Amino acid sequence: SSLVICGNTFLANHYEKYANVKIVPTGVDTERFYFKQDEGVSQFYIGWSGSSSGFSYLYDIEDSLNTVLQLREHVKLLIVSDREPVFKKIDKSKVNFIKWSSESEVCDLHKFKIGIMPLKDDLWSRGKCSFKMLTYMSAGIPVVVSPIGMNVEVLNKPDSGLFADSIVEWVDCLLELIDNKELRRKYALNARLLIENKYSS
């Protein structure tokens, strides 16, 4: 190949041994995933959107999510996917499910007060291009994510999102955003600007 196009630095570092490499990050359609400020929707949702093949990442932080949902009774978990997750500890009454569709995807994301992207620290996750997080940020949703792979590259600008790398950190970060509307607003605005400047398609 004359040129190999990679979506992040981790992939580029692997392929540069074999060919010329250019990093082209995954772009987000910022008109489709438009910014919508938190306007006081009655239900407070911590949201996750993605294929059910990624449920294992949610299950890995189930203890943290369960703790948060018990400490803040007004908060629920909203999952947008092809099928419902099956949690072992989180009460079903605390989880809402919406079947993913291209027609309703953006409106469903706008139901989130906080978007989460937990990952395992493995080769597969390090190769991911953070599209889930980028769509959250474009839509004006403050994020809490694992500091793995491209997630770290995206959130290298201060005050554009939070990293969580342990049970305690996931609890603390989520509670911090739940309890502070102005902080959510600041992160959402900064995140949208970051997407517009670096990741808009």
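User: Contact means heavy atoms within 4.5 Å. Which residues does Glu105 touch, not counting residues up to four places away in sequence?

Analyst: This is a predicted model, and Glu105 is found in it in helix α4, residues 105-109. Glu105 counts as buried because its relative accessibility is 13%, under the 20% limit. Leaving out residues up to four places away in sequence, the residues that Glu105 touches are Arg32, Phe33 and Trp100.

User: How many Å apart in space are Glu105 and Tyr187, C-alpha to C-alpha?

Analyst: Tyr187 belongs to α9, where it is one of the residues that meet α8. Along the sequence, Glu105 and Tyr187 are 82 residues apart. From C-alpha to C-alpha, the separation in space is 22 Å.

User: Is His110 buried or exposed?

Analyst: His110 is found in the loop between α4 and β6. The relative accessible area of His110 is 12%, and the limit for this class is under 20%. His110 is therefore buried.

User: What distance separates the C-alpha atoms of His110 and Ala139?

Analyst: His110 touches Tyr34, Lys36 and Ala139, with residues up to four places away in sequence not counted. His110 and Ala139 are 29 residues apart along the chain. Their C-alpha atoms are separated by 6.9 Å.

User: Which elements do the buried residues of α3 pack against?

Analyst: Helix α3 covers residues 62-71, and its buried residues are Glu62, Ser64, Leu65, Asn66, Val68 and Leu69. These buried residues pack against β3, α2, β4, β6 and α8.

User: What does Ser125 contact, leaving aside its neighbours within four places in sequence?

Analyst: Ser125 lies in helix α5, residues 123-126. With a relative accessibility of 1%, Ser125 counts as buried. Apart from neighbours within four places in sequence, the contacts of Ser125 are Tyr57, Leu119, Lys120 and Ile148.

User: Where is Cys129 placed, in terms of helices?

Analyst: Cys129 touches Gly7, Asn8, Leu11, Thr26, Leu134 and Met150, residues up to four places away in sequence not being counted. Cys129 and Pro85 are 44 residues apart in sequence, with 23 Å between their C-alpha atoms. The place of Cys129 is the loop between α5 and α6.

User: What is the phi of Ser130?

Analyst: Ser130 is found in the loop between α5 and α6. Its relative accessible area is 2%, so Ser130 is buried. Its phi is positive although the residue is not glycine, with a value near 65°.

User: How many residues does the largest nonpolar core have, and which of its residues have the most contacts inside it?

Analyst: In soluble globular proteins, nonpolar side chains tend to be buried together. In this model the largest nonpolar core has 57 residues. The residues with the most contacts inside the core are Leu77, Ile116, Met137, Val144, Val154 and Leu174.

User: Which element gives the most to this core?

Analyst: The core has 57 residues, and seven of them come from the element that gives the most, α8.
In that helix, Trp170, Val171, Cys173, Leu174, Leu175, Leu177 and Ile178 are buried. The element asked for is α8.

User: Which residues does Val154 touch, not counting residues up to four places away in sequence?

Analyst: Val154 is among the residues with the most contacts inside the largest nonpolar core. With residues up to four places away in sequence left out, Val154 touches Ser130, Met133, Leu134, Met137, Leu194 and Tyr199.

User: What span does α8 reach from its first C-alpha to its last?

Analyst: α8 has 12 residues, and at 1.5 Å a residue a span of 16 Å is expected. The span in the model is close to that, at 17 Å.

User: At roughly what angle do the axes of α8 and α9 cross?

Analyst: Glu176, Leu177 and Ile178 in α8 meet Leu183, Arg184 and Tyr187 in α9. By class, this contact has four nonpolar, no polar and two charged residues. The axes of α8 (residues 167-178) and α9 (residues 181-199) come within 6 Å, and they cross at roughly 100°. That makes α8 roughly perpendicular to α9, since angles of 65 to 115 degrees fall in this class, and the angle asked for is roughly 100°.

User: How far apart are the axes of α6 and α9?

Analyst: Helix α6, residues 131-138, packs with α9 at an angle of about 120°, which means that α6 is oblique to α9. Leu134, Met137 and Ser138 of α6 make the contact with Ala191, Arg192, Leu194, Ile195 and Tyr199 of α9. These residues divide into six nonpolar, one polar and one charged. The distance between the axes is 7 Å.

Definitions and conventions. Residues numbered from 1 in each chain as written. Predicted model: local features only at pLDDT ≥ 70, side-chain atom pairs only at ≥ 80, totals over all residues. Heavy atoms only, no water. Helix = DSSP H or I, 4+ residues; strand = E, 2+ residues; numbered from the N terminus. Buried < 20%, exposed > 50% of the residue type's maximum accessible area, 1.4 Å probe, protein only. Axes fitted to C-alpha atoms, helices over the stretch in contact; angles between N-to-C directions. Parallel < 35°, antiparallel > 145°, perpendicular 65-115°, else oblique. Nonpolar A, V, L, I, M, F, W, Y, C, P; charged D, E, K, R; others polar. Core = buried A, V, L, I, M, F, W, Y, C linked by side-chain atoms within 4.5 Å. Expected span 1.5 Å × (residues − 1).
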